[in-house]
Amino acid sequence: MDPEAARTARDSLDLVFHMSNILDTGLDRHTLSVLIALCEMGINPESLAAVVKELRRESPPSSSSTETVP
């Protein structure tokens with residue numbers, strides 16, 4: 001990837017990440033990057049959104065603190 005294309009991709013991801021934060025989606029940059037790549041490959045965005053919602057329902061919320069079990 002040439003430097004100009006890399007900068008454009010990074011700027012686009014920054015914009016999407018900023019929008020994601022405003023909408024409080026809880027998605028990190030890596031996840032957004034993967035979702036964007038899947039959309040660019042032709043995957044239906046509405047189907048992806050449904051999968052993300054379903055995965056969030058199935059997985060317990062992650063704890064930001066580390067617990068030590070004796």
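R7 has a relative accessible area of 41%, which places this residue in the partly exposed class, and in this predicted model R7 forms a salt bridge with E4, whose closest N and O atoms are 2.5 Å apart. E4, at 43% relative accessibility, is likewise counted as partly exposed. Both residues belong to helix α1, which covers residues 3–22, and they sit three residues apart, or about one turn of the helix.

The structure holds three salt bridges, and another of them joins the side chains of D14 and R29, with an N to O distance of 2.5 Å. This pair links distant parts of the chain, since D14 lies in helix α1 and R29 in helix α2, 15 residues apart. D14 is partly exposed at 32% relative accessibility, and R29 is partly exposed as well, with a relative accessible area of 37%.

In helix α3, E54 forms a salt bridge with R57, the closest N and O atoms being 2.7 Å apart, and the two residues are separated by about one helical turn because they stand three residues apart in that helix. E54 is partly exposed, at 33%, whereas R57 counts as exposed, because its relative accessibility of 61% is over the 50% cut-off.

Helix α3 also takes part in the largest pocket, giving the most to its lining with six residues, while α2 (29–40) and α3 (45–58) each supply at least two lining residues. The pocket has a volume of about 280 Å³ and is lined by 13 residues, with L27, L35, L48, A49 and V52 lying nearest its centre. By class, the lining comprises 10 nonpolar, one polar and two charged residues.

Conventions: Residues are numbered from 1 along each chain as its sequence is written. This is a predicted model: local features need pLDDT of at least 70, side-chain atom pairs count only at pLDDT 80 or more; totals for chains, interfaces and linings use all residues. Side-chain values use heavy atoms; hydrogens and water are left out. On a 1 Å grid over the protein atoms alone, a cavity is a set of points where a 1.4 Å probe fits but cannot get out, and a pocket is an open set with protein on both sides within 12 Å along at least five of seven lines; lining residues have an atom within 4 Å of a point. Grid points are joined across faces, edges and corners, and a volume is the space filled by probe spheres set on the points. Helices (H or I, at least four residues) and strands (E, at least two) are DSSP runs, numbered from the N terminus. Ala, Val, Leu, Ile, Met, Phe, Trp, Tyr, Cys and Pro count as nonpolar, Asp, Glu, Lys and Arg as charged, and the others, Gly among them, as polar. A salt bridge is a side-chain nitrogen of Lys or Arg within 4 Å of a carboxyl oxygen of Asp or Glu. Buried means under 20% relative accessible area, exposed over 50%, partly exposed in between (1.4 Å probe, protein chains only).
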